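Work through the exercises below with the coordinates open, and try each task before reading its solution.

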Amino acid sequence: MQRFMITDNSDIVRKVGKRILSELDFLVSEASNAGEALQRCQAELPEYLIVDSGMEGALDLIAAIRAMEGGKDVKIYYCVIEADLKKLMAGKRAGATDFLLKPFDRKILTAVFGNRAIAA
């Protein structure tokens, strides 16, 4: 089972994402801030990570994970509220693999991650 972490300040976003991704057969953990996410990643890197762009330290978290041993293999999704080119480019420079628009729902998460859970 592949590991997935959702890092977001919002309890609701984390809970909804966890429920949907768990149904897609991911082992999902949550972090409410960048420090907590980094600590969990140092203990065990997930295969997938969603990082909320509005969270303090989001870009530093992405860069720190990329610098870890095995960190280049983590698929990091930078989660944005709107398609702001400046914010998207900052996420890409920090090392984000791809982007998700927020708020996400079952249809979006299933479309993006559904086949990946099955392929593992």
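**Exercise 1: a charged pair and its network**

Solution: Next, compute accessibility, for which buried means under 20% relative accessible area, exposed over 50%, and partly exposed in between (1.4 Å probe, protein chains only). Lys15 counts as partly exposed at 48%, whereas Glu30 is buried at 12%. Finally, salt bridges that share partners join Asp11, Arg14, Lys15, Lys18 and Glu30 into one network.

The model is predicted, with local features requiring pLDDT of at least 70 and side-chain atom pairs pLDDT 80 or more, while totals for chains, interfaces and linings use all residues. Residues are numbered from 1 along each chain as its sequence is written, and side-chain values use heavy atoms, leaving out hydrogens and water.

**Exercise 2: the sheet**

Task: determine in what order the strands of the open sheet are arranged.

Solution: The 5 strands follow the order β2-β1-β3-β4-β5 with parallel pairing, two strands being paired if DSSP finds at least two bridges between them. The edge strands, each pairing on one side only, are β2 (27-31) and β5 (98-101). Between β1 and β3 there are 4 bridges, and Phe4 stands opposite Tyr48 in β3.

**Exercise 3: the annotated aspartate**

Task: locate the residue that UniProt lists for "modified residue: 4-aspartylphosphate", and decide whether it is buried or exposed.

Solution: The unreviewed UniProt entry lists Asp52; UniProt positions are given in the numbering used here, feature names are shortened, and annotations may be inferred rather than shown by experiment. Asp52 lies in strand β3 and is buried, with a relative accessible area of 7%. Leaving aside residues up to four places away in sequence, Asp52 touches Thr7, Asp8, Asn9, Ala58, Cys79 and Lys102, contact meaning heavy atoms within 4.5 Å. One of these partners, Ala58, is among the buried residues of helix α3 (residues 58-67), together with Leu61, Ile62, Ile65 and Arg66.

Technical notes:
Helices (H or I, at least four residues) and strands (E, at least two) are DSSP runs, numbered from the N terminus. A salt bridge is a side-chain nitrogen of Lys or Arg within 4 Å of a carboxyl oxygen of Asp or Glu.
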